[in-house]
Amino acid sequence: MFELPSEPVIITCAITGNKTTRQMNPNLPLTPKEQGIAAAEAVEAGASVIHLHVREDDGSESHRLERFEESIYEIKSRVPEAIIEVSTRGAVEDDIDYRGNCLDLRPEMCSLNIGTLNIGDEVFLNHPLDVRKLAARIYEMGVEPELDMFDVGHVESAFTLLKQGVLRAPLRFLFVLGIPGGVSADLRNLMHMISLLPPGTHWTALGIGRFQLTVAVHALMLGGNVRVGLEDTAYYRKGEVAKSNAQLVERIVYLSRELGREVATPDQARKMLGLKPRVPAANQLVSIA
Ligand code: ZN
C-alpha cells in the first residue's frame with residue numbers, strides 16, 4: 001500500500017537564476033542587496049536553502065568572486081541560518097575555473113552539472129574533464145555538491161562517477177524537469193529517475209516554467225524535496241507573474257502541511273542533507289582578502 005511520506009520537506013528557493021529578466025518579472029532580485037532581502041523573505045516563508053546565481057549591475061550573468069561575496073554577505077547578515085548553495089553553472093564560453101570562482105568563499109553547498117545537453121538552441125556544455133576538475137575543487141574546498149539532473153543518463157553517470165571516486169557519498173540529486181532538450185515534466189520520468197536511486201538517497205525536484213507547481217506536488221507526494229523560485233519560473237500561475245520568491249515558497253509550505261509534511265528548518269535541513277552543523281555566522285564567511 002502506498003504510504004504518504006511524513007518526513008519534513010526541505011524547500012530550496014532559487015531566487016534569481018541566470019536567465020530570468022526584469023522584463024519577465026519586475027520583482028526579480030538582481031543586486032546583492034535585493035538578493036539579501038529576497039532570500040530573507042524566502043527563508044522566513046519556509047525555505048532552508050538559497051540557490052544563488054549573481055548578476056552584474058546590467059543584469060548579465062556573472063561568476064565574479066566579489067559579486068558572490070557581496071550577495072552572500074547581504075544574505076547572511078539577514079538570515080545567518082540559511083544554507084547557501086552557489087551555482088557553478090556557466091555559459092558555453094565560460095572557463096571552468098571561472099565557473100568555480102565562488103567556491104573560494106567555501107559556501108556550504110554548490111550545484112554541479114555532470115552532463116552536457118542541448119537546451120533549446122544552446123549547448124549546455126559540461127566536458128567530462130571539466131566535471132572532474134570542478135568536482136575535485138568542490139571537495140578540496142569542503143563544499144557539498146548537489147547534482148543537477150536534466151536527463152535519465154545523468155543519473156546513471158552520477159553512479160559511475162561515484163564508483164570512479166570523482167564524486168563522493170552521499171550523493172544529492174536535483175531533478176530538473178521540463179527544460180527543452182532535457183527530460184520532460186512527466187510524472188513517469190520523475191518516478192523512473194527516483195527508481196534508479198538507492199533507498200534513502202536525498203533528492204529534490206523542480207519543474208521549469210508552467211510545470212513548477214505540478215512537479216512540486218509530485219515531489220511532496222513521493223517523499224522528495226522541492227525547489228521553487230524565480231530562476232525556474234517568472235509566474236505564480238498562468239498569466240500572473242509572481243510577486244516575490246517568498247510567494248512561491250509560501251504556496252509549497254501550505255501544500256506540504258496540508259499533505260501532512262512539516263517544513264524543515266535550516267538546521268534540520270543540514271542534518272538531512274548530511275552537512276556539518278551550523279557555526280556562528282561570523283565564521284561562515286571566509287574572507288578572500
Ligand atoms: Zn541555478
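Which residues line the largest cavity? In this predicted model, the lining is made up of Ile-10, Thr-12, Val-49, Glu-85, Met-109, Glu-146, His-202, Thr-204 and Leu-273. Two other places are worth a visit while you have the structure open: a zinc ion held by His-51, His-53 and Glu-231, and an aromatic cluster formed by Phe-159, Phe-173, Phe-175 and Trp-203.

**The cavity**

- The count comes to one cavity of 30 Å³ or more.
- The largest cavity has a volume of about 40 Å³.
- Sorted by class, its lining holds four nonpolar, three polar and two charged residues.
- Glu-85 and Glu-146 are among the lining residues, and Glu counts as charged.

**The zinc site**

- Why is the arrangement around the zinc ion irregular? The angles subtended by the four donor atoms run from 52 to 131°, whereas a tetrahedral site would need all angles between 85 and 135 degrees.
- His-51 has a relative accessible area of 2%, so this residue is buried.
- His-53 is buried as well, with a relative accessible area of 3%.

**The aromatic rings**

- Searching the whole structure turns up four aromatic pairs.
- In one of them, the ring centres of Phe-159 and Phe-173 are 5.6 Å apart and the planes meet at 35°, so the pair is tilted.
- Phe-159 belongs to helix 5 (residues 152-164) and Phe-173 to strand 10 (residues 172-177), so this pair ties together parts that are 14 residues apart in sequence.
- Is Phe-173 buried or exposed? With a relative accessibility of 0%, Phe-173 counts as buried.
- Phe-175 and Trp-203 make another tilted pair, because their ring centres are 5.9 Å apart and their planes lie at 50°.
- Phe-175 is buried at a relative accessible area of 0%, and Trp-203 counts as buried at 6% relative accessibility.
- Taken together, Phe-159, Phe-173, Phe-175 and Trp-203 form one aromatic cluster.

Definitions and conventions:
Residues are numbered from 1 along each chain as its sequence is written. This is a predicted model: local features need pLDDT of at least 70, side-chain atom pairs count only at pLDDT 80 or more; totals for chains, interfaces and linings use all residues. Side-chain values use heavy atoms; hydrogens and water are left out. On a 1 Å grid over the protein atoms alone, a cavity is a set of points where a 1.4 Å probe fits but cannot get out, and a pocket is an open set with protein on both sides within 12 Å along at least five of seven lines; lining residues have an atom within 4 Å of a point. Grid points are joined across faces, edges and corners, and a volume is the space filled by probe spheres set on the points. Donors are N, O and S atoms within 2.8 Å of the metal (3.2 Å for Na, K and Ca); water is not among the atoms, so sites may look incomplete. Four donors count as tetrahedral if all angles lie between 85 and 135 degrees; four count as square planar and six as octahedral if opposite donors are over 155 degrees apart and all others between 65 and 115; anything else is irregular. Buried means under 20% relative accessible area, exposed over 50%, partly exposed in between (1.4 Å probe, protein chains only). Rings of Phe, Tyr and Trp (its six-membered ring) pair if their centres lie within 6.5 Å; planes under 30 degrees apart count as stacked, over 60 as edge-to-face and the rest as tilted. Helices (H or I, at least four residues) and strands (E, at least two) are DSSP runs, numbered from the N terminus.
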